[in-house]
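Here is a friendly note to read alongside the model. Please keep the 3D view open as you go through the points.

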Amino acid sequence: MKKLCAFTISFLLLKFSIILCCLTEPLCFWRIKNSEDNDGVMRSDCGFFLWTTEEPIEDNLYNKIIDFRIPARSYEFFLVMFFATDEINKNPYLLPNMSLMFSIIVGLCQDTLGVLDILYSQQNNIMNFINYICLKYEICDVDIRGPSWKTSLKLAVHSGTPKVFFGPFNPNLSDHDQFPYVHQVATKDTHLSHGMVTLMLHFRWTWIGVVISDDDQGIQFFSDLKEEMQSHEICLAFVNVIPETLQTYLTKALIYDKQIMTSSAKVVIIYGEMNSTLEVSFRRWEYLGAQRIWITTSQWDVITNKKEFSLDFFHGTVTFAHQVCEMTKFRNFMQTVDTNKYPINISESILCWNYFNCSISKNRNKMEHFKFNNTLEWTALHKYDMALSEEGYNLYNAVYAVAHTYHELILQQVETQIPAENKGIFTDCQQVSSLLKTRVFVNPVGELVNMNHREYQCAEYDIFIIWNFPQGFGLKVKIGSYFPCIPPMQQLHISEDVEWATGGTLVPSSLCSVPCTAGFRKIHQKETADCCFDCVQCPENEVSNETDMEQCVRCPDDKYANLEQTHCLQRAVSFLSYEDSFGLALGSTALSFSAITILVLFTFVKYKDTPIVKANNCILSYILLISLVFCFLCSLLFIGHPNQATCILQQTTFGVFFTVAVSTVLAKTITVVMAFKLTTPGRRMRGMLTSGAPNLVIPLCTLIQVVLCGIWLVMSPPFIDRDIQSEHGKIVIICNKGSVIAFHVVLGYLGFLALGSFIVAFLARELPDRFNEAKFLTFSMLVFCSVWITFLPVYHSTRGKIMVVVEVFSILASSAGLLGCIFVPKCYVILVRPDSNFVQKCKDKLLH
């Protein structure tokens, strides 16, 4: 070049060199060496100066720079620079009649173990010394740097020239007051945390570990991520905040290792800078055999594709990368590029790194037989991925942003008619930076690039899964996309047949607790995360038909839960029917006893003139037998489908007819006592006995019971009820007593009458006379009281049909007790021992 030097080379020494060391010592994973330089430049960063010239580019222009080594991390950036500048220089509409050139900031891109030959330009206006640049003009060429923001930040402090950072977006570099000349081409990860949480929800990962760098960007990311996780009920298993300094990290390394090795979380989000203690932790966990699914950003692709990482360590690495357009021309460029025309021996650098993991100078003798005639040969051998990384695509856009800025500046120079010798030389850095910041253009692949709104754009992401195979084979497969600025249900698109590194399409799980299946509900443990819980079966007649339900749902009254308690089934209607064995037996018994009672009544009517019938007040005997018939028959009201009428008649007929029966027994007892206890009765007492005054006990006692039943029916009458508890899967139709107090009052009144009859009969049991029935009355009341005293606890301890069965049985048993104790002995005398009845009749005649 005549007016501008051909190259500007600034040599920056490295502060740190990260070298993989022997893994025989657990704490020795990386050795960080300090140099005397204080700039802190990491070896994987690259820097380029872009400038223009009116001279045509010569093919052998760079041939004087030889033996320049680059690590595998950086060679893609050189290829992008070569491709982008070549594409721009062939474009007649961008920088016409000008050539875009770039110079390499050697200290950033050079392998630290190599030796750089210092360039001496034959131009008179430039002299090159280590760490010094002497120029005749104070020019303002744009500096492109990345991908480490720390390097760019430190260099930006000491320089006033415009800079474009092509690494991941970093808020520290977006402070235009502090860094007015620093611009970023990457889009801000505004929705990255939401995208990761959406992915977790898709794969149902709810127990997540997080590893971040202890810096502002890492803390801000974690804050956004935690908020998103809490809103979607995803729990944090652990959080490792890795210190930036190695010394601080080593004091806590064992704690971090224990957290990640003992945690049950199988999915870990890792976020932060490479070439840092975070990467040191990453390699430690590989040595310890941590098998996790890592969710991270695209800048970590290089780590997960290195051959020293094994399949056992990576169960799958899922990375989020900003969508980049496919660049077919770049692939063609890679397949046809002649590496001999460029100053860097790319073939040897890549070959050396892949096969020897060392510098060329240390293994020069091993490289002699590796020679290739074209790039197709070495790209095929090294499995080179011709798809641009996100950082490479950012660098591509950065070059075009600078080219468009230079284009605008040159047009302004033409309009102002500056001297021809100053064309393409820019000295106003503020003007260059201002134009660069406002550049809006469409790059050759059709994407709109707006340098002024990169921080506020709604970035779309491609989601990749990286498989790592032995011998350095790395496979990166796109499995989906994330579009944050469309409706939530359409934001995430994931392939249905994702294959994981563990083999197969079954999604690995990351849960604190096993999901509660249908039929169970969650019980959260105290002082644990919401994702940690125990599973307990649903209570009786409650169901859960989904997994991880907080509460079970109770079945409606007309339905019941199946055995698995997953859904409700329709209940069958049940009641004490004649088809039921209990109903048939009780009904048959009631009819049989009714028939027997009627036969006894006919017997007493037929033999009404016999002494044994006449001696025990045959009228009262007839009343008692008739009431017993109705007592037996009223039990039939309890059998069959209940309705409102039968429910009312059940209790009233039972109460009234039993009152008649018991009061009749009381009247018979009083008659016996009056007949035998009054040995010298007066006319008045004898008149009462002969007039049948004791018989008034029956209507009087019955009237009282009728009043009690009437009050019962008015206040709280019986009604039809549905019992869903007594029989599983059935609705038992029963009659509810209504007022329980009224029921017990009626029953208590019967008990009072029975107790009175028992006491009176007991006092008259020793009275003389062959046909004295006081003993029989005593036994009958004893049986009656025993039955109903037993009835109460049994009745209240049963439910449903059994409760009805108990009540019917008590009615039949007490009625049968009265019939058997009072009338069976008399029928025995009448039918089996008529001679006894006759003898007594003769004696009676003789006495009279």
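**A threonine and a sheet**

1. The side chain of Thr277 reaches the backbone oxygen of Pro243 at 2.3 Å, a polar contact (N or O atoms within 3.5 Å, one able to donate a hydrogen and the other to accept it; residues adjacent in sequence count only if both atoms are side-chain atoms). This is a predicted model: local features need pLDDT of at least 70 and side-chain atom pairs 80 or more, while totals for chains, interfaces and linings use all residues. Residues are numbered from 1 along each chain as its sequence is written, and side-chain values use heavy atoms, leaving out hydrogens and water.

2. Thr277 belongs to helix H7 (residues 277-288); helices (H or I, at least four residues) and strands (E, at least two) are DSSP runs, numbered from the N terminus. Its relative accessible area is 4%, so Thr277 is buried (under 20%, with a 1.4 Å probe and protein chains only). Beyond four places away in sequence, Thr277 touches residues including Ile242, Glu244 and Tyr249 (heavy atoms within 4.5 Å).

3. Now to the sheet: five strands form an open sheet in the order E4-E3-E7-E8-E9, with mixed pairing (at least two DSSP bridges between two strands). Strands E4 (99-104) and E9 (182-184) are the edges, each pairing on one side only.

4. Strands E3 (residues 46-53) and E7 (residues 142-146) pair in the antiparallel sense over five bridges. Gly47 has Arg145 in E7 as its bridge partner.

5. Helix H12 (residues 390-416) packs on this sheet, touching E3, E4, E7 and strand E8 (163-165). The direction of H12 makes about 30° with that of E3 (lines fitted to C-alpha atoms, for helices over the stretch in contact; angles run from 0 to 180 degrees between N-to-C directions).

Methods: Buried means under 20% relative accessible area, exposed over 50%, partly exposed in between (1.4 Å probe, protein chains only).
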